[in-house]
Number of protein chains: 2
Amino acid sequence: MNKISENQQTAGNLSAAVRDDFWGRYIRLVQEVVIPYQYEALYDRVPEAEPSHAMANFEIAAGRKTGEFHGFVFQDSDVAKWLEAVGYSLHLKRDPGLEARADAVIDLVAAAQQPDGYLNTYFTIKEPGKRWTNLQDCHELYCAGHFIEAAVAYYEATGKDKLLNTMRRMADHIDSIFGPEEGKLKGYDGHQEIELALVKLYRLTGEEKYLKLSSFFIDQRGQEPNFLRQEWEARGRVTHWSGTQTNSMDPSYNQAHLPVREQSEAVGHAVRAVYMYTAMADLAALTKDSALRDACVRLWDNMTGKQMYITGGIGSTHQGEAFTFDYDLPNDTVYAETCASIGLIFFARRMLELEPDARYADVMERALYNNVLGSMAQDGKHYFYVNPLEVWPQACTCNPDKHHVKSERQGWFGCACCPPNVARLLTSMNQYIYTVHGDTLYTNLYIGSEVNTTLGGTAVAVSQQSNYPWEGTVTLQVNPGEAAEFGIALRIPSWSSSAEIRVGGETLSLDESVQQGYCVIRRVWNAGDTIELKLPMEAHRVYAHPELRADAGKTAIQRGPLVYCLEAADNGTPLNSIALHESAPFTEHFEDSLLGGAVVVKGQGSRIEQAGWSGGLYSRAKAPVEAATITAIPYYLWGNRGSGEMKVWIPESKA
Amino acid sequence: MNKISENQQTAGNLSAAVRDDFWGRYIRLVQEVVIPYQYEALYDRVPEAEPSHAMANFEIAAGRKTGEFHGFVFQDSDVAKWLEAVGYSLHLKRDPGLEARADAVIDLVAAAQQPDGYLNTYFTIKEPGKRWTNLQDCHELYCAGHFIEAAVAYYEATGKDKLLNTMRRMADHIDSIFGPEEGKLKGYDGHQEIELALVKLYRLTGEEKYLKLSSFFIDQRGQEPNFLRQEWEARGRVTHWSGTQTNSMDPSYNQAHLPVREQSEAVGHAVRAVYMYTAMADLAALTKDSALRDACVRLWDNMTGKQMYITGGIGSTHQGEAFTFDYDLPNDTVYAETCASIGLIFFARRMLELEPDARYADVMERALYNNVLGSMAQDGKHYFYVNPLEVWPQACTCNPDKHHVKSERQGWFGCACCPPNVARLLTSMNQYIYTVHGDTLYTNLYIGSEVNTTLGGTAVAVSQQSNYPWEGTVTLQVNPGEAAEFGIALRIPSWSSSAEIRVGGETLSLDESVQQGYCVIRRVWNAGDTIELKLPMEAHRVYAHPELRADAGKTAIQRGPLVYCLEAADNGTPLNSIALHESAPFTEHFEDSLLGGAVVVKGQGSRIEQAGWSGGLYSRAKAPVEAATITAIPYYLWGNRGSGEMKVWIPESKA
């Protein structure tokens with residue numbers, strides 16, 4: 001295991017721990033509620049949730065039980081994501097009871113592995129002769145990828161290598177099936193995931209073959225003749241989902257329409273896309289492949305510059321859970337899947353490793369504090385899969401075009417990808433706060449934390465304190481092992497109109513020191529040196545690009561990283577009766593009683609006086625308008641007070 | 001045939017002919033282009049249109065040709081609707097060539113009739129043993145209904161009874177299969193149509209059994225145990241459309257969720273709904289059934305008061321081509337099928353026979369001049385099936401949630417219900433202008449025309465002249481056979497802010513003489529007496545009910561019966577950059593060069609200056625706004641100048 005330890009050291013050049021009231025509460029929620037609840041759900045012991053059957057599938061595949069496979073073809077991945085979250089959680093805090101449960105699950109997973117290393121309960125139980133015949137639909141490599149991620153996380157937390165060895169055998173088996181060599185399959189998975197997982201496995205083990213296999217999958221994707229199309233023809237154009245023939249297939253759904261280095265626009269299934277971009281950025285960093293890096297930047301720019309909701313949501317349609325086209329961001333028929341925003345955060349994190357540019361961290365922060373945080377109920381047991389920016393509850397039930405949108409968070413889903421994805425992200429949040437480039441520590445997120453790293457050969461501990469996102473003052477205390485010169489960089493968020501930074505009581509000139517969105521402070525640091533960042537944490541209006549038709553004439557309210565929304569609970573219905581005066585000042589106050597405490601924003605506007613409407617459905621006479629105080633709460637808290645209307649974008653009017 | 005003539009006389013107590021520049025042009029288009037074009041399409045001889053195979057099916061069923069059935073299960077109805085339109089057209093103007101072609105088609109249809117009277121090419125060719133086993137999906141009675149309507153129209157135009165006799169045999173056969181008697185099926189068609197057709201057959205022939213059969217179908221619908229559900233269970237829950245099992249069935253799609261007299265809300269497939277309501281209103285008038293009449297009024301009020309677009313479109317979702325719920329009228333994911341508005345006109349016409357209330361005629365006019373007229377291209381060869389109120393062409397191609405919306409009219413469709421429905425409506429327009437109640441002639445539509453009727457025992461001819469919808473002056477010349485007292489009623493449209501009526505140079509007081517939306521003029525009339533109606537034909541703003549969330553803060557422009565819209569061709573893109581000043585006056589001018597000539601409306605507003613946008617996708621800085629002249633054209637002309645953005649509802653702003 002020496003090899004592993006060395007590589008781990010090289011790859012992980014910093015170690016951070018979250019010490020933060022705001023996020024600490026969510027992380028504890030994951031540890032105390034979500035992980036135990038999900039464990040029960042995997043064993044079908046949550047009465048109000050749809051049965052998962054995920055563990056039962058492993059018991060059957062391991063020969064410990066008889067029965068049929070049930071659930072989606074990718075049901076295994078729920079177990080993997082749970083194990084990965086457990087790994088991160090144990091890394092934060094050892095818990096013998098949880099570890100024992102996880103070890104038992106790992107024993108079961110390992111027992112389901114086939115003699116040749118293959119591991120997948122669907123094909124083991126249900127279609128033993130059909131391995132690798134429907135990569136487009138069947139998620140074999142995807143499930144393997146999630147178990148590899150779990151294995152790496154669990155090893156790093158506990159030092160236990162049973163799952164790691166299991167997944168190395170599976171990875172070696174995959175390597176024997178896929179590759180450029182004669183006789184091997186020239187394919188890749190319909191749902192990207194294995195690619196980024198193999199990079200993690202490479203980083204941990206130092207085994208070049210895993211890096212090469214990941215590169216093979218990425219490089220092969222979208223080459224002609226198109227593998228997915230050939231495979232579809234070979235199986236008689238039958239789709240796994242209905243078991244029937246399909247008339248057409250569109251490889252852009254799987255981002256396999258073009259070689260990845262030729263792609264410039266985010267297309268197809270959004271989660272697949274961002275998982276792929278994540279691996280591309282990983283590989284670009286590791287292999288110094290500038291064509292791959294350029295493709296990552298182009299795809300980033302298109303996705304976040306033309307196809308991203310203000311909440312950090314991506315995916316404009318539920319049909320294919322997919323991107324549509326530039327500036328098409330409908331607020332009510334939206335998809336904005338939780339998993340897609342989590343994947344966007346993965347991608348942003350990799351881009352930050354590729355190059356220190358605050359725009360990646362800006363998007364990471366946006367997705368984290370809004371789309372992702374909003375997906376989980378305050379009880380940790382209910383989730384949004386779809387994260388709309390405008391909801392009329394009756395339309396969700398009575399208009400089939402909006403059936404996919406829910407006005408209240410649901411229990412564990414039949415397709416339960418989102419809840420365990422939230423769990424693994426929150427428990428690994430410590431990995432997203434900082435990056436190191438050269439001898440500079442970059443602070444990407446303002447989350448109370450302690451980080452240890454080595455900068456220019458000196459061991460450095462930094463502790464960050466703040467009451468973010470409610471207050472804009474952030475303090476970093478820098479503690480080098482000995483006085484030394486290195487850089488500490490602080491992100492100046494794109495939402496802030498100004499910022500003030502003081503080091504040892506001295507105010508810095510931001511004009512001189514801001515590079516690519518970071519204020520880089522290079523000096524000789526002594527133990528106890530303090531940096532104080534003051535960000536103007538005040539509610540302000542945000543406008544959308546004029547091409548973004550859905551938001552024309554409207555404004556959103558943002559305060560710090562938090563996007564705000566209106567809810568019927570505070571503003572009555574219909575919310576569309578309300579307009580915000582374009583120059584009305586906002587008032588703000590922290591409301592302890594609101595869902596764990598939050599800053600509430602109020603402003604002046606107008607409301608159509610419904611009682612004054614004299615017509616039928618249409619009328620020449622306009623309804624009178626009355627003055628109204630408009631109350632906005634953070635978007636991430638919406639839908640926690642029963643089912644009601646909600647909207648983010650508010651029409652603006654002259655007073 | 002004496003019996004027939006007597007009844008025809010009783011039923012048709014007026015005979016009208018259109019003599020109108022505006023509508024004359026459309027009727028000629030139908031006669032000169034649409035009917036010949038559709039004839040070619042039915043024979044699969046239109047190269048740019050999808051093959052219909054409708055005539056080929058009849059040739060196969062008649063044993064004149066071998067081959068398979070192709071097309072939808074209701075493909076026969078296209079032939080019927082064409083024949084019906086031909087009937088109306090021949091009634092307007094005999095045309096020996098067309099009549100010969102129609103006679104040959106009728107010969108073929110009659111030849112496809114089975115010895116027992118059954119007539120349906122699908123079941124004759126493809127599933128001979130399966131008659132009447134899937135009423136939910138298979139449209140057998142629906143197709144029969146359309147042929148009955150065609151038979152009545154063709155007989156009334158030509159006196160030729162071959163198709164009439166064929167369809168009487170089919171109706172008698174249906175009567176032997178369905179009914180309350182022991183051993184007969186207690187069912188009804190999934191797609192209503194036979195009900196209203198049987199009323200027409202009864203009115204023409206005086207045969208009570210057809211009226212009773214129509215009543216049976218109406219009365220039986222929605223009774224428990226539910227016939228459609230039992231049938232679905234009996235055939236193993238298999239649906240005709242995919243040939244596979246379905247998990248559930250919802251009889252509200254077919255308006256069979258409740259007995260019709262208990263229904264109060266328009267639900268399900270919109271065309272089916274209005275065809276049923278039409279028959280209900282027919283039966284309520286004929287049988288004096290007040291419970292049926294009350295249900296008609298409730299359904300009318302719900303549909304037109306809470307679920308109708310300003311264009312007279314109905315159906316808010318393409319999923320099931322259906323109604324959704326009150327005030328849910330999205331402009332861009334809309335359905336508003338052409339056929340549904342045509343059915344709404346049928347229903348309105350029957351309500352006007354039931355009781356003279358101008359609100360029925362108001363809706364009839366709205367649907368006719370906007371949704372229906374707009375569905376046909378100026379060449380008569382291209383049609384909208386879906387009639388949106390807001391279009392972003394790229395969204396129609398790139399966002400699957402809007403694939404059903406087209407930005408340009410298409411050729412003859414695979415499911416070609418709409419074009420022949422437009423043809424049969426336009427050629428029978430003379431039937432919609434007037435109704436008679438007691439000794440009063442009610443003028444429902446302002447269309448140049450001549451009408452002959454008998455009022456209080458006196459033969460009366462009335463000629464109407466106007467340049468409607470461009471000008472608001474309408475002149476009626478009343479010519480009784482001899483001086484006599486009777487009533488002439490003129491609709492005061494709900495869109496008009498005022499009206500002036502002069503009879504023989506004397507101005508009437510509308511306050512005294514308007515009843516249920518009609519100015520009823522009762523006096524002794526002499527030959528040559530003239531009524532002059534002046535309606536204020538000026539562009540004005542219309543607002544939507546505050547609960548109609550999609551239109552909140554917006555206004556529509558209307559001028560007379562015409563709803564207006566903005567197009568990119570006149571206003572640039574994105575149209576959502578535009579707001580109309582709330583108090584800006586409109587200017588109007590008739591533009592000869594615009595698509596056959598139309599009044600164009602201009603107003604002052606503002607436009608977001610896109611070049612002044614300095615942000616990325618989102619920004620704190622608002623784009624500047626510039627003054628803009630906004631140009632609106634009649635909605636019915638949209639999409640005739642290439643593919644471009646269009647919208648009806650325009651945000652209003654303070655100047």
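The radius of gyration is taken over C-alpha atoms, and the globule rule used beside it is 2.2 Å times the number of residues to the power 0.38. For the 655 residues of chain A, a compact globule would have a radius of gyration near 26 Å, and the 25 Å of chain A agrees with that. This is a predicted model, in which local features need pLDDT of at least 70 and side-chain atom pairs count only at pLDDT 80 or more, while totals for chains, interfaces and linings use all residues. Residues are numbered from 1 along each chain as its sequence is written, and side-chain values use heavy atoms, with hydrogens and water left out.

**Chain A**

| Property of chain A | Value |
|---|---|
| Box filled by C-alpha atoms, along the principal axes | roughly 75 × 70 × 50 Å |

**A helix pair in chain B**

Helix α5 (residues 96-111) of chain B packs against helix α8 (residues 140-158) of chain B at an angle of about 140 degrees, with the axes 13 Å apart. That angle makes α5(B) oblique to α8(B), a class left over once angles under 35 degrees (roughly parallel), over 145 (roughly antiparallel) and 65 to 115 (roughly perpendicular) are set aside. In the contact, B:E99, B:A102, B:D103, B:I106 and B:V109 of α5(B) meet B:F147, B:Y154 and B:T158 of α8(B). The residues of this contact divide into five nonpolar, one polar and two charged, where Asp, Glu, Lys and Arg count as charged, Ala, Val, Leu, Ile, Met, Phe, Trp, Tyr, Cys and Pro as nonpolar, and the others as polar.

Note on methods
Chains lettered and ligands numbered in written order. Axes fitted to C-alpha atoms, helices over the stretch in contact; angles between N-to-C directions. Helix = DSSP H or I, 4+ residues; strand = E, 2+ residues; numbered from the N terminus. Contact = heavy atoms within 4.5 Å.
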